[in-house]
Amino acid sequence: MAHRKTILRIEDMTKRYGSKTVLKNASLSLKEGELKILIGPSGGGKSTLLQCVNFLVKPDKGRIWLDGEEIIHSRKKELYAYRQKVGMIFQDFNLFDHLTALQNVQIALVKVKKKTKEQARTRAINELERVGLGDHIKKYPAQLSGGQKQRVSIARALAMDPKVMLLDEPTSALDPELISEVLDVIINLRLHGMTMIMSTHQIGFASELADELVFLEDGNILETGPPKKMLSDADCERTREFCSKITELYGNSF
Amino acid sequence: MEELLFIRFEVLPALLKGLVVSIKLIVPSAFFGLFIGIIIGALRVYGSTILKKAADTYVLIFRGFPLVVQLFIWYFGLPHIGIYLSPMVASIVGFSLCSSAYHSEYVRGAFLSVKTGQTMGAKALGFSKLQMIRFITLPQAFRRALPGCGNEIIYLIKYSSLAYMITCIELTGQGKIIASETFKYTEIFMIIGAIYLLLTTIASWILHRVENSLLLPGFEHYKA
Ligand SMILES: Nc1ncnc2c1ncn2[C@@H]1O[C@H](COP(=O)(O)OP(=O)(O)O)[C@@H](O)[C@H]1O
Ligand SMILES: [Mg+2]
(Lines give C-alpha, C1' and ligand atoms only; values in the text may rest on other atoms or scores of the structure.)
(Ligands and ions follow the chains in the order given, each with its own letter.)
Protein backbone atom coordinates (compact mmCIF):
# COMPACT_ATOMS: atom_id res chain seq x y z
CA MET A 1 0.00 0.00 0.00
CA ALA A 2 2.64 2.49 1.07
CA HIS A 3 4.44 2.51 -2.27
CA ARG A 4 1.31 3.19 -4.30
CA LYS A 5 1.07 6.67 -5.68
CA THR A 6 -1.38 9.22 -4.40
CA ILE A 7 -4.15 9.91 -6.91
CA LEU A 8 -6.18 12.54 -5.15
CA ARG A 9 -5.23 14.94 -2.40
CA ILE A 10 -7.59 17.36 -0.71
CA GLU A 11 -6.28 19.93 1.70
CA ASP A 12 -8.07 22.25 4.10
CA MET A 13 -11.42 22.18 2.34
CA THR A 14 -13.86 24.63 3.92
CA LYS A 15 -17.39 25.51 2.91
CA ARG A 16 -19.73 28.04 4.51
CA TYR A 17 -23.38 28.70 3.83
CA GLY A 18 -24.11 32.11 5.29
CA SER A 19 -22.71 32.08 8.77
CA LYS A 20 -22.83 28.30 9.02
CA THR A 21 -19.64 26.39 8.31
CA VAL A 22 -20.70 23.02 6.92
CA LEU A 23 -17.20 21.79 6.15
CA LYS A 24 -14.16 22.71 8.19
CA ASN A 25 -10.61 22.26 6.98
CA ALA A 26 -11.21 18.78 5.64
CA SER A 27 -8.09 17.05 4.36
CA LEU A 28 -7.97 13.67 2.72
CA SER A 29 -5.82 11.75 0.33
CA LEU A 30 -6.44 8.70 -1.78
CA LYS A 31 -3.87 6.26 -3.07
CA GLU A 32 -4.32 4.34 -6.27
CA GLY A 33 -6.92 1.60 -5.84
CA GLU A 34 -7.94 2.77 -2.43
CA LEU A 35 -11.53 2.91 -1.14
CA LYS A 36 -12.31 5.40 1.61
CA ILE A 37 -15.77 5.47 3.04
CA LEU A 38 -17.33 8.55 4.59
CA ILE A 39 -19.65 7.85 7.47
CA GLY A 40 -21.45 10.17 9.81
CA PRO A 41 -24.86 11.51 10.70
CA SER A 42 -27.15 13.15 8.18
CA GLY A 43 -26.20 16.78 7.67
CA GLY A 44 -22.64 16.04 8.73
CA GLY A 45 -21.22 17.33 5.45
CA LYS A 46 -20.60 14.15 3.45
CA SER A 47 -22.35 15.36 0.31
CA THR A 48 -20.77 18.79 0.65
CA LEU A 49 -17.31 17.27 0.89
CA LEU A 50 -17.85 15.02 -2.14
CA GLN A 51 -19.32 17.87 -4.17
CA CYS A 52 -16.44 20.14 -3.24
CA VAL A 53 -14.07 17.54 -4.63
CA ASN A 54 -15.36 18.06 -8.18
CA PHE A 55 -16.36 21.67 -7.55
CA LEU A 56 -20.09 21.16 -7.99
CA VAL A 57 -20.01 23.13 -4.78
CA LYS A 58 -17.39 25.86 -4.80
CA PRO A 59 -15.36 25.60 -1.61
CA ASP A 60 -14.51 28.81 0.23
CA LYS A 61 -11.07 27.51 0.91
CA GLY A 62 -9.06 24.44 0.09
CA ARG A 63 -6.82 22.91 -2.56
CA ILE A 64 -7.06 19.77 -4.64
CA TRP A 65 -4.45 17.80 -6.53
CA LEU A 66 -5.15 15.05 -9.02
CA ASP A 67 -2.13 12.97 -9.96
CA GLY A 68 0.09 15.60 -8.37
CA GLU A 69 -1.39 18.46 -10.39
CA GLU A 70 -3.24 21.18 -8.59
CA ILE A 71 -6.64 21.99 -10.02
CA ILE A 72 -7.47 25.65 -10.40
CA HIS A 73 -11.22 25.60 -10.72
CA SER A 74 -11.59 29.17 -11.90
CA ARG A 75 -9.98 28.12 -15.18
CA LYS A 76 -13.00 26.69 -16.94
CA LYS A 77 -11.16 24.46 -19.42
CA GLU A 78 -9.12 22.92 -16.62
CA LEU A 79 -12.22 22.41 -14.52
CA TYR A 80 -14.12 20.62 -17.30
CA ALA A 81 -11.13 18.43 -18.08
CA TYR A 82 -10.72 17.58 -14.41
CA ARG A 83 -14.38 16.68 -13.97
CA GLN A 84 -14.11 14.19 -16.82
CA LYS A 85 -11.52 12.36 -14.77
CA VAL A 86 -13.60 12.31 -11.61
CA GLY A 87 -16.71 10.15 -11.87
CA MET A 88 -19.63 11.01 -9.65
CA ILE A 89 -22.54 8.86 -8.51
CA PHE A 90 -25.45 10.59 -6.83
CA GLN A 91 -28.01 9.37 -4.38
CA ASP A 92 -30.83 10.21 -6.84
CA PHE A 93 -29.04 8.84 -9.91
CA ASN A 94 -29.48 12.07 -11.88
CA LEU A 95 -29.98 10.34 -15.19
CA PHE A 96 -31.00 12.50 -18.12
CA ASP A 97 -34.74 11.89 -18.37
CA HIS A 98 -35.05 12.52 -22.10
CA LEU A 99 -32.39 10.00 -23.06
CA THR A 100 -32.37 6.21 -23.16
CA ALA A 101 -29.93 4.25 -21.02
CA LEU A 102 -27.65 3.96 -24.04
CA GLN A 103 -27.86 7.67 -24.85
CA ASN A 104 -27.27 8.57 -21.20
CA VAL A 105 -23.92 6.78 -21.35
CA GLN A 106 -23.13 7.90 -24.87
CA ILE A 107 -23.83 11.61 -24.73
CA ALA A 108 -20.82 12.81 -22.75
CA LEU A 109 -18.53 10.62 -24.84
CA VAL A 110 -19.78 12.35 -27.98
CA LYS A 111 -20.31 15.90 -26.76
CA VAL A 112 -17.57 16.21 -24.16
CA LYS A 113 -14.94 13.68 -25.20
CA LYS A 114 -15.65 14.27 -28.90
CA LYS A 115 -15.67 10.59 -29.80
CA THR A 116 -17.52 9.48 -32.90
CA LYS A 117 -21.07 8.21 -32.49
CA GLU A 118 -19.90 4.69 -33.36
CA GLN A 119 -17.04 4.63 -30.84
CA ALA A 120 -19.29 6.07 -28.19
CA ARG A 121 -22.01 3.55 -28.90
CA THR A 122 -19.68 0.59 -28.70
CA ARG A 123 -18.19 1.84 -25.46
CA ALA A 124 -21.59 2.60 -23.97
CA ILE A 125 -22.92 -0.84 -24.79
CA ASN A 126 -19.84 -2.41 -23.20
CA GLU A 127 -20.27 -0.43 -20.01
CA LEU A 128 -23.98 -1.18 -19.80
CA GLU A 129 -23.30 -4.87 -20.29
CA ARG A 130 -20.68 -4.72 -17.58
CA VAL A 131 -23.29 -3.52 -15.08
CA GLY A 132 -25.74 -6.15 -16.28
CA LEU A 133 -28.02 -3.91 -18.33
CA GLY A 134 -27.33 -5.23 -21.81
CA ASP A 135 -31.03 -5.96 -22.27
CA HIS A 136 -32.23 -2.54 -21.22
CA ILE A 137 -30.19 -0.14 -23.31
CA LYS A 138 -33.21 1.22 -25.19
CA LYS A 139 -35.20 2.04 -22.08
CA TYR A 140 -35.80 5.52 -20.73
CA PRO A 141 -35.15 6.33 -17.05
CA ALA A 142 -38.91 6.33 -16.41
CA GLN A 143 -38.97 2.68 -17.49
CA LEU A 144 -36.15 1.53 -15.21
CA SER A 145 -36.15 0.54 -11.54
CA GLY A 146 -34.06 2.50 -9.04
CA GLY A 147 -31.36 -0.14 -9.00
CA GLN A 148 -31.19 -0.18 -12.78
CA LYS A 149 -31.04 3.63 -12.90
CA GLN A 150 -28.15 3.66 -10.48
CA ARG A 151 -26.32 1.06 -12.54
CA VAL A 152 -26.83 3.17 -15.67
CA SER A 153 -25.34 6.12 -13.81
CA ILE A 154 -22.34 4.01 -12.83
CA ALA A 155 -21.91 2.89 -16.45
CA ARG A 156 -22.17 6.53 -17.51
CA ALA A 157 -19.40 7.54 -15.13
CA LEU A 158 -17.15 4.59 -16.01
CA ALA A 159 -17.38 5.26 -19.73
CA MET A 160 -15.43 8.46 -19.13
CA ASP A 161 -12.43 6.46 -17.84
CA PRO A 162 -12.32 8.26 -14.51
CA LYS A 163 -9.25 8.10 -12.29
CA VAL A 164 -11.36 8.47 -9.18
CA MET A 165 -14.99 7.83 -8.41
CA LEU A 166 -17.05 9.75 -5.87
CA LEU A 167 -20.14 7.92 -4.69
CA ASP A 168 -22.64 9.81 -2.58
CA GLU A 169 -24.91 7.36 -0.76
CA PRO A 170 -25.45 5.36 -3.94
CA THR A 171 -27.96 3.00 -2.34
CA SER A 172 -29.86 5.32 -0.01
CA ALA A 173 -32.70 6.02 -2.43
CA LEU A 174 -33.21 2.34 -3.25
CA ASP A 175 -35.77 -0.16 -2.02
CA PRO A 176 -34.01 -2.70 0.21
CA GLU A 177 -34.28 -5.53 -2.31
CA LEU A 178 -32.49 -3.44 -4.95
CA ILE A 179 -29.51 -2.43 -2.82
CA SER A 180 -27.43 -5.53 -3.44
CA GLU A 181 -27.47 -5.26 -7.24
CA VAL A 182 -25.83 -1.85 -6.94
CA LEU A 183 -23.43 -2.89 -4.19
CA ASP A 184 -22.36 -5.85 -6.35
CA VAL A 185 -21.35 -3.46 -9.11
CA ILE A 186 -19.37 -1.37 -6.63
CA ILE A 187 -17.65 -4.46 -5.24
CA ASN A 188 -16.70 -5.35 -8.77
CA LEU A 189 -15.20 -1.91 -9.28
CA ARG A 190 -13.26 -2.35 -6.08
CA LEU A 191 -11.88 -5.67 -7.27
CA HIS A 192 -10.78 -4.05 -10.51
CA GLY A 193 -8.80 -1.50 -8.54
CA MET A 194 -10.95 1.61 -8.98
CA THR A 195 -9.98 4.42 -6.63
CA MET A 196 -13.05 5.61 -4.77
CA ILE A 197 -14.50 7.77 -2.04
CA MET A 198 -17.99 6.78 -1.05
CA SER A 199 -20.43 7.89 1.58
CA THR A 200 -22.86 5.29 2.84
CA HIS A 201 -24.84 4.03 5.79
CA GLN A 202 -24.28 0.42 4.66
CA ILE A 203 -21.87 -0.19 7.49
CA GLY A 204 -21.49 -3.92 6.87
CA PHE A 205 -20.43 -3.23 3.31
CA ALA A 206 -18.15 -0.45 4.46
CA SER A 207 -16.39 -2.53 7.07
CA GLU A 208 -15.67 -5.37 4.67
CA LEU A 209 -14.49 -3.36 1.70
CA ALA A 210 -13.09 -0.06 2.84
CA ASP A 211 -9.42 0.59 3.41
CA GLU A 212 -10.40 3.35 5.75
CA LEU A 213 -13.49 4.82 7.30
CA VAL A 214 -13.69 8.58 7.65
CA PHE A 215 -16.05 9.87 10.31
CA LEU A 216 -17.55 13.24 9.51
CA GLU A 217 -19.75 15.19 11.89
CA ASP A 218 -20.79 18.85 11.82
CA GLY A 219 -18.36 19.44 9.00
CA ASN A 220 -15.35 18.08 10.88
CA ILE A 221 -13.41 14.96 10.05
CA LEU A 222 -13.29 13.66 13.61
CA GLU A 223 -11.48 10.42 13.00
CA THR A 224 -10.02 8.28 10.24
CA GLY A 225 -8.95 4.68 10.54
CA PRO A 226 -9.23 1.10 9.34
CA PRO A 227 -12.81 -0.24 9.60
CA LYS A 228 -12.07 -2.78 12.33
CA LYS A 229 -10.63 -0.21 14.65
CA MET A 230 -13.27 2.41 13.85
CA LEU A 231 -16.13 0.02 14.46
CA SER A 232 -14.92 -1.69 17.61
CA ASP A 233 -12.35 0.53 19.20
CA ALA A 234 -12.55 4.09 17.93
CA ASP A 235 -10.52 6.76 19.72
CA CYS A 236 -13.24 9.33 19.58
CA GLU A 237 -16.30 9.02 21.75
CA ARG A 238 -18.63 10.40 19.02
CA THR A 239 -17.31 7.89 16.49
CA ARG A 240 -18.00 5.02 18.89
CA GLU A 241 -21.53 6.24 19.55
CA PHE A 242 -22.31 6.68 15.86
CA CYS A 243 -20.81 3.35 14.85
CA SER A 244 -22.72 1.36 17.42
CA LYS A 245 -25.97 3.05 16.46
CA ILE A 246 -25.44 2.51 12.75
CA THR A 247 -24.41 -1.11 13.24
CA GLU A 248 -27.65 -1.70 15.07
CA LEU A 249 -29.66 -0.05 12.31
CA TYR A 250 -28.00 -1.39 9.19
CA GLY A 251 -26.61 -4.66 10.48
CA ASN A 252 -23.23 -6.17 10.03
CA SER A 253 -23.83 -7.99 6.81
CA PHE A 254 -24.84 -6.81 3.37
CA MET B 1 -76.74 33.94 -56.98
CA GLU B 2 -75.37 37.37 -57.75
CA GLU B 3 -74.19 37.46 -54.18
CA LEU B 4 -72.28 34.22 -54.54
CA LEU B 5 -70.68 35.29 -57.78
CA PHE B 6 -69.59 38.51 -56.16
CA ILE B 7 -68.03 36.64 -53.31
CA ARG B 8 -66.41 34.10 -55.60
CA PHE B 9 -64.90 36.63 -58.02
CA GLU B 10 -64.37 39.78 -55.98
CA VAL B 11 -64.08 38.95 -52.33
CA LEU B 12 -62.22 35.68 -52.28
CA PRO B 13 -59.32 36.68 -54.54
CA ALA B 14 -58.76 39.79 -52.43
CA LEU B 15 -58.92 37.84 -49.21
CA LEU B 16 -56.63 35.20 -50.64
CA LYS B 17 -54.07 37.89 -51.35
CA GLY B 18 -54.44 39.06 -47.76
CA LEU B 19 -54.17 35.53 -46.46
CA VAL B 20 -50.85 35.07 -48.25
CA VAL B 21 -49.54 38.23 -46.58
CA SER B 22 -50.84 37.00 -43.21
CA ILE B 23 -49.01 33.71 -43.58
CA LYS B 24 -45.84 35.54 -44.59
CA LEU B 25 -46.18 37.48 -41.35
CA ILE B 26 -47.12 34.61 -39.08
CA VAL B 27 -44.63 31.94 -40.05
CA PRO B 28 -41.41 33.94 -39.61
CA SER B 29 -42.79 35.69 -36.52
CA ALA B 30 -43.63 32.34 -34.93
CA PHE B 31 -40.21 31.01 -35.77
CA PHE B 32 -38.17 34.03 -34.64
CA GLY B 33 -40.43 34.61 -31.65
CA LEU B 34 -39.88 31.09 -30.38
CA PHE B 35 -36.17 31.19 -31.14
CA ILE B 36 -35.60 34.49 -29.34
CA GLY B 37 -37.96 33.37 -26.58
CA ILE B 38 -35.81 30.31 -25.91
CA ILE B 39 -32.67 32.42 -25.70
CA ILE B 40 -34.29 34.98 -23.41
CA GLY B 41 -35.81 32.19 -21.28
CA ALA B 42 -32.42 30.49 -20.96
CA LEU B 43 -30.75 33.77 -20.00
CA ARG B 44 -33.37 34.37 -17.35
CA VAL B 45 -32.55 31.02 -15.77
CA TYR B 46 -28.86 30.46 -16.45
CA GLY B 47 -27.51 33.94 -17.13
CA SER B 48 -25.16 35.90 -14.90
CA THR B 49 -26.85 38.46 -12.64
CA ILE B 50 -26.46 41.18 -15.22
CA LEU B 51 -27.77 39.09 -18.11
CA LYS B 52 -30.69 37.95 -15.98
CA LYS B 53 -31.60 41.54 -15.21
CA ALA B 54 -31.27 42.50 -18.85
CA ALA B 55 -33.50 39.62 -19.97
CA ASP B 56 -36.09 40.41 -17.30
CA THR B 57 -36.15 44.02 -18.44
CA TYR B 58 -36.58 42.90 -22.04
CA VAL B 59 -39.64 40.88 -21.04
CA LEU B 60 -41.00 43.72 -18.94
CA ILE B 61 -40.82 46.08 -21.89
CA PHE B 62 -42.09 43.84 -24.67
CA ARG B 63 -44.91 42.43 -22.60
CA GLY B 64 -45.76 45.74 -21.04
CA PHE B 65 -46.04 48.01 -24.08
CA PRO B 66 -49.23 47.58 -26.10
CA LEU B 67 -48.38 45.74 -29.28
CA VAL B 68 -49.82 48.50 -31.48
CA VAL B 69 -47.50 50.98 -29.84
CA GLN B 70 -44.56 48.69 -30.48
CA LEU B 71 -45.53 48.41 -34.14
CA PHE B 72 -45.82 52.19 -34.41
CA ILE B 73 -42.37 52.54 -32.94
CA TRP B 74 -40.81 50.10 -35.41
CA TYR B 75 -42.58 51.60 -38.36
CA PHE B 76 -42.99 55.31 -37.59
CA GLY B 77 -40.38 55.76 -34.90
CA LEU B 78 -37.26 54.18 -36.37
CA PRO B 79 -37.15 56.48 -39.43
CA HIS B 80 -36.33 59.28 -36.98
CA ILE B 81 -32.98 57.63 -36.38
CA GLY B 82 -32.55 56.84 -40.05
CA ILE B 83 -33.78 53.25 -40.07
CA TYR B 84 -36.55 52.48 -42.52
CA LEU B 85 -38.38 49.19 -42.30
CA SER B 86 -41.00 48.05 -44.76
CA PRO B 87 -44.46 47.51 -43.23
CA MET B 88 -43.90 43.76 -43.53
CA VAL B 89 -40.51 43.77 -41.85
CA ALA B 90 -41.63 46.19 -39.15
CA SER B 91 -44.58 43.90 -38.40
CA ILE B 92 -42.44 40.78 -38.22
CA VAL B 93 -39.97 42.53 -35.92
CA GLY B 94 -42.80 43.72 -33.68
CA PHE B 95 -44.55 40.36 -33.55
CA SER B 96 -41.34 38.37 -33.02
CA LEU B 97 -40.10 40.51 -30.15
CA CYS B 98 -43.46 40.69 -28.44
CA SER B 99 -44.20 36.99 -28.72
CA SER B 100 -40.64 36.09 -27.69
CA ALA B 101 -41.32 37.84 -24.38
CA TYR B 102 -44.32 35.59 -23.82
CA HIS B 103 -42.52 32.47 -25.03
CA SER B 104 -39.69 33.20 -22.62
CA GLU B 105 -42.13 32.93 -19.71
CA TYR B 106 -43.09 29.39 -20.68
CA VAL B 107 -39.51 28.48 -21.48
CA ARG B 108 -38.24 29.87 -18.19
CA GLY B 109 -40.78 27.86 -16.21
CA ALA B 110 -39.90 24.76 -18.20
CA PHE B 111 -36.17 25.18 -17.55
CA LEU B 112 -36.85 25.60 -13.85
CA SER B 113 -38.90 22.41 -13.81
CA VAL B 114 -35.99 20.27 -15.02
CA LYS B 115 -34.69 18.54 -11.92
CA THR B 116 -31.54 20.28 -10.70
CA GLY B 117 -29.88 16.91 -10.17
CA GLN B 118 -29.58 16.55 -13.92
CA THR B 119 -27.59 19.74 -14.21
CA MET B 120 -25.24 18.41 -11.54
CA GLY B 121 -25.07 15.12 -13.40
CA ALA B 122 -24.08 16.93 -16.58
CA LYS B 123 -21.52 19.17 -14.88
CA ALA B 124 -19.98 16.19 -13.14
CA LEU B 125 -19.36 14.61 -16.55
CA GLY B 126 -17.46 17.70 -17.71
CA PHE B 127 -20.20 19.47 -19.68
CA SER B 128 -19.75 23.22 -20.00
CA LYS B 129 -22.77 25.29 -19.07
CA LEU B 130 -23.65 25.89 -22.70
CA GLN B 131 -23.36 22.19 -23.55
CA MET B 132 -25.46 21.33 -20.54
CA ILE B 133 -28.23 23.70 -21.64
CA ARG B 134 -28.05 22.64 -25.27
CA PHE B 135 -27.99 18.89 -24.77
CA ILE B 136 -29.58 18.23 -21.40
CA THR B 137 -31.96 20.88 -20.14
CA LEU B 138 -33.22 22.46 -23.38
CA PRO B 139 -34.51 19.23 -24.94
CA GLN B 140 -36.54 18.60 -21.79
CA ALA B 141 -37.62 22.19 -21.24
CA PHE B 142 -38.71 22.45 -24.86
CA ARG B 143 -41.06 19.52 -24.47
CA ARG B 144 -42.55 20.98 -21.35
CA ALA B 145 -42.88 24.49 -22.77
CA LEU B 146 -44.50 23.36 -26.00
CA PRO B 147 -48.15 23.48 -24.91
CA GLY B 148 -47.71 27.04 -23.61
CA CYS B 149 -45.66 28.17 -26.58
CA GLY B 150 -48.23 26.63 -28.90
CA ASN B 151 -50.86 28.74 -27.21
CA GLU B 152 -48.76 31.83 -27.83
CA ILE B 153 -48.47 30.94 -31.52
CA ILE B 154 -52.26 30.67 -31.74
CA TYR B 155 -52.50 34.17 -30.23
CA LEU B 156 -49.95 35.38 -32.74
CA ILE B 157 -52.15 34.21 -35.60
CA LYS B 158 -54.92 36.39 -34.29
CA TYR B 159 -52.93 39.47 -33.35
CA SER B 160 -51.13 39.40 -36.70
CA SER B 161 -54.21 41.33 -37.89
CA LEU B 162 -52.73 44.38 -36.16
CA ALA B 163 -50.25 44.68 -39.03
CA TYR B 164 -52.76 46.60 -41.11
CA MET B 165 -52.38 49.45 -38.59
CA ILE B 166 -48.95 50.09 -40.08
CA THR B 167 -50.18 49.64 -43.66
CA CYS B 168 -49.20 46.02 -44.04
CA ILE B 169 -52.35 44.87 -45.79
CA GLU B 170 -52.92 41.33 -44.67
CA LEU B 171 -56.15 39.38 -44.32
CA THR B 172 -58.01 41.74 -41.99
CA GLY B 173 -56.71 44.78 -43.88
CA GLN B 174 -57.93 43.43 -47.21
CA GLY B 175 -61.28 42.63 -45.61
CA LYS B 176 -61.63 46.17 -44.34
CA ILE B 177 -60.85 47.60 -47.76
CA ILE B 178 -63.38 45.56 -49.69
CA ALA B 179 -65.94 45.81 -46.94
CA SER B 180 -65.80 49.59 -47.02
CA GLU B 181 -66.04 49.55 -50.82
CA THR B 182 -69.04 47.23 -50.89
CA PHE B 183 -70.65 47.75 -47.49
CA LYS B 184 -70.97 43.98 -47.09
CA TYR B 185 -69.36 44.08 -43.67
CA THR B 186 -71.18 41.13 -42.19
CA GLU B 187 -70.51 38.65 -44.97
CA ILE B 188 -66.91 39.62 -45.41
CA PHE B 189 -66.01 39.55 -41.76
CA MET B 190 -67.81 36.24 -41.32
CA ILE B 191 -65.58 34.82 -44.02
CA ILE B 192 -62.49 36.35 -42.43
CA GLY B 193 -63.44 34.92 -39.06
CA ALA B 194 -63.81 31.51 -40.63
CA ILE B 195 -60.40 31.79 -42.25
CA TYR B 196 -58.74 32.67 -38.92
CA LEU B 197 -60.56 29.74 -37.34
CA LEU B 198 -59.19 27.52 -40.07
CA LEU B 199 -55.67 28.88 -39.54
CA THR B 200 -55.74 28.33 -35.78
CA THR B 201 -57.19 24.85 -36.30
CA ILE B 202 -54.38 23.92 -38.68
CA ALA B 203 -51.82 25.40 -36.29
CA SER B 204 -53.14 23.42 -33.32
CA TRP B 205 -53.14 20.29 -35.40
CA ILE B 206 -49.50 20.84 -36.37
CA LEU B 207 -48.55 21.63 -32.78
CA HIS B 208 -50.18 18.45 -31.60
CA ARG B 209 -48.32 16.46 -34.18
CA VAL B 210 -45.05 18.01 -33.01
CA GLU B 211 -45.86 17.34 -29.37
CA ASN B 212 -46.71 13.74 -30.10
CA SER B 213 -43.60 13.18 -32.14
CA LEU B 214 -41.50 14.48 -29.21
CA LEU B 215 -43.31 12.40 -26.64
CA LEU B 216 -41.07 10.22 -24.48
CA PRO B 217 -41.67 7.84 -21.59
CA GLY B 218 -41.72 9.93 -18.45
CA PHE B 219 -42.97 13.04 -20.25
CA GLU B 220 -46.53 11.89 -20.92
CA HIS B 221 -48.31 14.29 -18.63
CA TYR B 222 -46.98 17.25 -20.56
CA LYS B 223 -49.14 16.17 -23.45
CA ALA B 224 -51.75 18.84 -24.01
N1 LIG C 1 -27.18 24.76 -0.60
C2 LIG C 1 -27.16 24.78 0.74
N3 LIG C 1 -27.51 25.90 1.42
C4 LIG C 1 -27.48 25.94 2.77
N5 LIG C 1 -27.12 24.92 3.55
C6 LIG C 1 -26.76 23.77 2.94
C7 LIG C 1 -26.77 23.63 1.51
N8 LIG C 1 -26.37 22.39 1.20
C9 LIG C 1 -26.13 21.76 2.37
N10 LIG C 1 -26.37 22.58 3.41
C11 LIG C 1 -26.18 22.26 4.84
O12 LIG C 1 -24.91 21.73 5.00
C13 LIG C 1 -24.90 20.73 5.98
C14 LIG C 1 -24.25 19.50 5.42
O15 LIG C 1 -25.07 18.93 4.45
P16 LIG C 1 -24.66 17.66 3.60
O17 LIG C 1 -23.31 17.87 3.06
O18 LIG C 1 -25.76 17.41 2.64
O19 LIG C 1 -24.62 16.50 4.70
P20 LIG C 1 -24.72 14.94 4.53
O21 LIG C 1 -24.51 14.61 3.10
O22 LIG C 1 -23.66 14.41 5.43
O23 LIG C 1 -26.08 14.54 4.99
C24 LIG C 1 -26.35 20.51 6.38
O25 LIG C 1 -26.56 21.19 7.58
C26 LIG C 1 -27.12 21.17 5.29
O27 LIG C 1 -28.33 21.68 5.78
MG1 LIG D 1 -25.80 13.61 1.78
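Start by selecting α1(B), the helix that gives the most to the lining of the largest pocket, with 8 residues. Helices here are DSSP runs (H or I, at least four residues), strands are E runs of at least two, and both are numbered from the N terminus. This is a predicted model, where local features need pLDDT of at least 70 and side-chain atom pairs count only at pLDDT 80 or more, while totals for chains, interfaces and linings use all residues. Residues are numbered from 1 along each chain as written, chains are lettered from A and ligands numbered from 1 in written order, and side-chain values use heavy atoms, leaving out hydrogens and water.

**Stop 1: the largest pocket**

About 480 Å³ of space lies in this pocket. On a 1 Å grid over the protein atoms alone, a pocket is an open set of points with protein on both sides within 12 Å along at least five of seven lines; a cavity is a set where a 1.4 Å probe fits but cannot get out; lining residues have an atom within 4 Å of a point. Grid points are joined across faces, edges and corners, and the volume is the space filled by probe spheres set on them.

Now pick Val27(B), Ala30(B), Ile153(B), Ala203(B) and Ile206(B): of the 20 lining residues, these are the closest to the pocket's centre. Then colour α1 (2-46), α6 (129-159) and α8 (185-213) of chain B, the elements that give two or more residues to the lining. Colour by class and you get 19 nonpolar, 1 polar and no charged residues. (Ala, Val, Leu, Ile, Met, Phe, Trp, Tyr, Cys and Pro count as nonpolar, Asp, Glu, Lys and Arg as charged, the others, Gly among them, as polar.)

**Stop 2: a cavity**

Next, go to the second largest cavity, with about 50 Å³ of space. Its lining includes Arg83(A) and Met88(A), along with Ala124(B) and Leu125(B). Select β6(A) here, as this strand gives the most to the lining, with 3 residues.

**Stop 3: ligand 1**

Finally, click on ligand 1. Which residues surround it? Among them are Tyr17(A), Lys20(A), Pro41(A) and Lys46(A), where near means a heavy atom within 4 Å. α1(A) gives the most to this shell, with 3 residues.

Zoom in on Thr48(A): a polar side-chain atom lies 2.5 Å from an oxygen atom of ligand 1. Ser47(A) also has a polar side-chain atom 2.7 Å from a ligand oxygen, and at Gly45(A) a polar backbone atom is 3.0 Å from one.

Technical notes:
A polar contact is a pair of N or O atoms within 3.5 Å; within protein, one must be able to donate a hydrogen and the other to accept it, and residues adjacent in sequence count only if both atoms are side-chain atoms.
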